[in-house]
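Dear colleague,

I am passing on the structure below, and my notes on it follow. Please read them with the structure open beside you.

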Amino acid sequence: MFPAAFEYVRANSLQEALAALKEHGSDARVLAGGQSLIPAMRYRLAQPAVLVDINPIDGLSYIKEDGGVLKIGALTRHSDLEFSKLINEKYKFMADVAYVVADPIVRNRGTLCGAIAHNDPAADWTACALAARVNVIATSATGNRTIAIDDFLVDSFTNALKPGEIVTETVWPIPDATTSGSYLKIERKVGDYATAAAGVKTTLDARGNCTNTGIGMCAVGPQALRAKNAEKAIDGGPLTDERIKAAAEAAAKECDPGEDTRGSVAFKRDLIRVLVTRALTQTRERLEKKMGKTS
Amino acid sequence: MATEPTTLSFGQPVKRKEDGRFIQGRGNYLDDIVLPKMIYMALVRSPYGHAKINNIDTSAALKVPGVKAVITAKELAGAGLDWMPTLAQDKQMVLAGGKVLFQYQEVAAVFADTREAAADGVAAVQVDYEPLQAVTDPYKAMAKDAPILRDDREKKTNHIWHYEVGDQKTTADALSGAPVKIKQMIRFPRCHPSPLEPCGCIADFNGGTGRLTFYVTSQAPHAHRTVISLVSKVPESNIRVVSPDIGGGFGNKVPVYPGYVCAIVGSLTLGVPVKWVESRTENLASTHFARDYWMETEIGATKDGKVTALKVSTVADHGAFDGAANPTKYPAGLFGICTGSYDFPTAFVEVDGYYTNKAPGGIAYRCSFRVTEAAYCIERAMDILADELKMDPVDLRRKNFIPKEKFPYPSATGWTYDSGDYEKTLDKALQTIDYKNLLKEQAEKRKRGELSGIGVSTFTEIVGAGPAHNFDILGIKMFDSAEIRVHPTGSALVRTGTKAQGQGHETTWAQIVAEELGLDVQNVLVEEGDTDTAPYGLGTYASRSTAVAGAAIAVAARKIREKAKHLAAHLLEANPDDIEWADYKFRVKGSPDRTKTMQEVAFAAYTNMPDDIEPGLEGVTYYNPPNLTFPNGAYICAVDIDRGTGAVSVRRFVAIDDCGNIINPMIVEGQIHGGLAEGFAIAFMQEIEYDEDGNNRTTNFTEYLVPSSFETPRWEVGNTVTPSPHHPLGTKGIGESPNVGSPAAFANAVVDALSPLGVRHVDIPLTREKIWKILREKGVTG
Amino acid sequence: MKHPVKITVNGTETAADVEPRQVLAYYLRDSGFTSVHIGCDSTSCGACTVIVDGQAVKSCTMFAVQADGKNVTTIEGLAQGGKLHPLQDAFHNEHGLQCGYCTPGMILSSLALLQRNPNPSEEEIRHGLSGNMCRCTGYQNIVKAVQSAAKELKGQQQPVSHEPAVSAAAGE
Amino acid sequence: MKVHYEGSEKIPAPYDKVWEFMNTPDKVASCLPDVVSTDVKDVTHFTTVVKVGVGMVRGNFTFQVALEPNADAKQVSVNIHGSGLGSVVDQTAVATLKDEGDGTTTLDWACDATISGPVATVGGRVLDAQAKRIIEYVFTQVREKLTGTPATAPSGS
């Protein structure tokens with residue numbers, strides 16, 4: 001299958017990219033990893049008039065801790081994260097995601113920022129970003145804008161970017177010694193969209209109670225969803241089986257899946273219950289291991 | 001000059017001679033062929049499953065830069081090419097005229113300078129459709145008030161044909177009198193061979209010579225040449241079909257597809273070569289599917305578990321056109337083999353074919369015609385009977401096996417099984433997996449509340465079509481052929497009517513010739529797929545290559561050996577009657593030092609032949625097999641089920657196959673691995689699904705799932721050897737057994753894991769959701 | 001509007017004016033590197049996998065214009081000085097191929113896998129190759145082939161031919 | 001692929017005005033988002049080309065619209081046959097008006113659509129939520145056109 005014709009703009013700098021977006025307005029789309037966009041173009045479901053390729057831009061691919069936060073650049077590929085020592089040692093729940101996004105070859109092209117901007121209802125990184133309470137940096141001719149992930153994700157395949165803005169970075173909190181998480185996904189086979197997936201992240205306070213718990217779910221709604229009630233059910237107490245059970249059931253209630261070839265509404269709801277249970281249980285194990293090590 | 005054979009290779013794991021080009025990227029597949037002035041074709045396809053075509057407007061498409069022409073049914077009708085015959089005595093629209101009968105049906109063909117321009121042209125063709133009620137369920141198709149889909153037929157019904165075999169009355173009596181009975185509707189879902197390389201062709205009509213050269217992804221080049229001649233009216237002598245390297249076939253590349261006819265029409269009218277390569281979506285949505293059988297199965301048995309009768313009433317969904325590649329006599333293929341490995345005193349099998357608004361087909365996907373359905377049906381049903389009898393499925397099978405003394409065995413549905421030793425094969429499987437220990441392990445797991453299952457399948461296949469009195473495609477008898485030329489320096493060229501798609505004929509055929517003529521396997525070149533040079537044959541499918549062409553090669557080689565014997569006698573100055581063939585040499589009886597190698601004899605055949613022997617050393621055979629061959633196997637599968645998600649993990653899978661004598665154990669093992677992986681996919685994740693409006697929900701690899709290395713289990717494979725008594729080499733065929741026998745082993749294991757919950761049957765594909773639903777209904781929470 | 005591109009394939013520069021919509025896979029095929037196979041429309045099958053500046057990439061999901069100035073390795077460029085790469089030998093010796101259609105992509109993915117992990121476990125191999133479909137082999141002999149090539153390659157450093165080893169970001 | 005959506009709009013305008021609006025092709029057409037062109041055929045039929053922007057799925061759809069008033073049932077059926085992106089959409093939106101007697105009107109609407117072709121089979125995941133958004137937009141537009149308050153088109157970026 002062959003895409004419809006389009007005009008290609010090779011952006012060698014952010015300025016060039018922003019200028020091109022300004023010039024072509026809503027007819028233009030940014031090309032980063034292209035692993036969702038290009039297949040859609042081959043099916044002629046996507047027929048953008050102009051593609052602005054940001055891949056040539058230097059300095060947009062990085063994984064760095066800087067100023068008390070972790071920064072991921074617009075051109076950082078999934079596989080950069082999958083094989084990053086830093087991510088594998090310190091950001092386990094991000095490593096969980098990097099291990100299961102798409103397939104190994106697609107991970108060499110696809111980008112974390114692109115996946116979040118694309119906002120596919122089944123995008124692993126969006127669920128993970130909700131759990132981690134990530135900030136998205138949108139850059140325009142007038143400068144940078146910081147958008148909380150909850151505000152950035154608007155609706156399926158729709159984000160809060162204004163015309164002329166590009167996602168240049170996502171900013172992740174650095175987990176301290178009492179913070180951990182887990183991301184679990186059910187897919188029919190490697191490379192399939194998730195049937196259901198859940199990411200959790202929590203921090204234990206001095207008394208061993210959970211604080212700032214984040215629980216994100218994807219493929220069970222028009223876009224990735226935050227399981228607010230499940231977070232409430234966990235915060236303020238320890239990760240006991242009972243409280244995990246309560247949180248999992250809350251998450252199953254508040255997700256909003258649709259029926260498709262991957263399964264029925266009831267099936268996906270129950271998968272969320274199972275996945276949140278297992279992700280929280282694994283988080284508990286990781287915390288025990290981690291804190292056992294540090295203490 | 002001639003040398004002694006360095007590798008006597010028969011039965012050895014000879015490395016594949018074809019690999020060299022593939023591992024260096026030098027294969028030559030259809031789309032790799034580029035001809036001067038070649039243009040490209042793309043097809044306009046229907047978005048509707050069932051609709052009236054009010055109008056097709058091609059004017060905008062003709063304005064697209066690069067577009068050369070657009071043809072519709074109207075243009076084809078002029079030349080009488082708007083319909084074409086299928087391989088099952090039905091006919092199929094080449095381009096839809098009047099109405100479309102399935103989604104993605106071919107509606108118009110666009111010809112352009114580039115692939116991209118052709119795609120632009122397709123997007124610009126405007127078709128005015130009037131949607132009609134789609135029928136996607138054969139049980140709705142048979143309803144009185146169902147719309148008639150094929151109004152081109154005289155018979156105003158969606159019923160295509162009725163087929164039956166066996167004894168209806170004795171079977172009915174035996175069933176009604178049986179102390180133990182089971183009855184179960186067993187569904188084999190619609191699936192698709194989806195070889196990694198899609199179908200395609202290049203039609204190259206040369207106005208100067210009047211010759212049509214047709215390059216095509218074909219498993220049966222000669223059959224295609226004959227069909228094309230019948231359809232196009234081009235004399236068969238002016239058609240050359242070339243089937244290059246093929247990226248997998250599995251039955252998908254046996255039929256003739258509408259795109260082929262359109263490309264030929266394009267080349268005939270535009271006078272340039274036309275290439276058409278389908279997309280994956282086109283492959284999954286329009287080329288022929290497999291299975292889609294609804295099998296209502298009844299078994300009668302005594303209280304101690306001896307089977308007394310089998311009845312199977314089947315509904316076959318053929319889609320919009322009956323595209324099954326079946327022998328004329330057998331519209332339901334060899335489905336009558338559903339008595340399997342068991343000694344049924346009586347059986348009755350009936351099949352009714354129906355039209356629906358789905359893609360056409362009914363082809364044999366990696367199996368002899370409809371044998372996968374049959375094997376799955378009986379192996380699933382035997383487990384249900386075991387459950388009814390509270391018997392171990394292994395004991396029930398053993399008790400009912402056809403005993404080896406009874407071979408050749410006449411089955412209740414009219415087949416004569418050539419040979420088998422089912423006990424031996426089963427015992428080896430039980431031993432390999434340590435069945436006793438496996439049962440112990442399962443008991444412990446169940447104590448711990450785990451869901452653990454063991455599944456057994458002891459199937460019999462029927463392959464090697466086939467004897468000419470029973471088997472034909474469009475009237476052409478299903479023989480196959482071989483031509484061997486031994487060159488002066490003792491190397492040889494072999495040509496056959498078969499066409500490999502990964503099976504390794506270039507190596508296996510060379511091994512047969514090396515064995516029969518004492519040549520070095522490296523000096524035997526195998527050539528297939530060019531109808532100008534290869535002898536007429538029916539092609540490669542239904543595990544018929546080794547069974548039929550393999551036999552032809554052996555027979556042709558023996559003809560050569562017979563002539564060579566006289567040459568050897570001349571060289572050794574002995575009487576031909578005193579010459580014997582021993583240790584891959586001719587030798588004078590009683591004087592072992594007086595010998596001649598085949599190389600020496602071959603040289604003499606061209607340089608030093610006596611006056612009474614004509615020069616040269618060649619052999620040709622057209623082999624009509626006296627019977628089919630009946631490979632069998634015993635498969636055992638162990639699974640665990642996740643109570644939370646319904647996910648199944650295959651812990652172990654042991655496959656012991658008996659395909660008679662083995663020419664190349666490495667290739668046989670590879671065929672088994674591959675067939676098991678396809679069986680695994682069918683059992684757990686593959687189904688071509690339509691919604692009630694006729695939308696195909698599975699038109700690409702994100703929806704029609706091909707397991708990756710990550711999901712695919714590890715295989716433990718082995719063999720027993722029970723030679724075929726009637727095959728010159730004692731071989732039977734292996735390509736398809738693992739795909740035929742394994743789905744039941746997987747399904748039986750999963751049902752066994754669920755049996756403590758009172759579950760007796762679950763239809764494949766065994767998706768997580770299906771199993772999850774059962775678990776929750778039975779109160780199992782994860 | 002067509003764009004001029006210069007792409008170095010297996011060490012030799014190729015150049016053409018291409019439509020932006022032409023994907024790299026067809027550019028390579030039209031340039032004679034027909035080992036780059038197309039098996040799907042959905043970035044699923046991996047038959048078109050090539051190595052671009054050290055990274056295995058599905059060349060049906062990258063535009064040729066994006067490869068301008070880059071180094072591409074296809075399987076045609078894997079043998080060095082007439083000697084097959086140990087992975088090519090291993091696929092032959094272990095019967096890791098049948099129809100051959102997935103083989104170029106499968107071998108190049110294996111190469112990228114062994115570069116990141118010279119000593120992979122069976123599970124790591126099965127995970128690392130899960131972006132490449134094979135319909136013929138059932139994968140078992142492919143896994144065997146990668147294991148035996150890994151042994152063969154152990155000790156000797158085998159860079160992706162003509163190219164720097166895997167991009168720095170991966171080793172962050 | 002079949003989809004069903006429904007909703008209700010409280011319109012601060014009298015029944016007759018709403019009824020008249022719902023039976024005037026160019027007025028109904030004016031409620032569609034991203035209209036490229038509209039061609040009114042007669043008092044009940046019009047054809048309109050709409051730019052559909054569903055995330056990355058973008059392209060023009062041509063809609064043939066037929067209005068079927070049923071005064072007794074106080075209903076207007078809006079039958080739409082749309083085609084684009086190699087796919088077809090056949091949908092019927094039924095608007096039922098209720099005179100609240102206080103100068104306001106309640107518009108209850110229900111829409112059933114069948115989508116066929118690549119968009120259904122490949123883009124179904126993309127389409128559902130967006131189709132819902134578009135149809136909801138259309139009926140909020142009815143309210144807003146009748147009461148003069150502006151609306152922003154559904155963002156498709």
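Of the 157 residues of chain D, 41% count as buried, a residue being buried if 20 or more other C-beta atoms, placed from the backbone, lie within 10 Å of its own. This is a predicted model, in which local features need pLDDT of at least 70 and side-chain atom pairs count only at pLDDT 80 or more, while totals for chains, interfaces and linings use all residues. Residues are numbered from 1 along each chain as its sequence is written, and chains are lettered from A, with ligands numbered from 1, in the order in which they are written.

Chain D has 4 helices and 7 strands, which follow one another from the N terminus as β-α-α-β-β-β-β-β-β-α-α; helices (H or I, at least four residues) and strands (E, at least two) are DSSP runs, numbered from the N terminus. Among the contacts in chain D with a separation of 6 or more, 49% are between residues 24 or more positions apart, where contact means that the C-beta atoms of two residues, placed from the backbone, lie within 7 Å.

Turning to the chains together, 5 pairs are in contact, and chains B and C share the most contacts, whereas chain C and chain D do not touch, their nearest C-alpha atoms being 10 Å apart.

With kind regards

Methods: A residue is buried if 20 or more other C-beta atoms lie within 10 Å of its own, exposed if 12 or fewer, and partly exposed in between; C-beta atoms are placed from the backbone.
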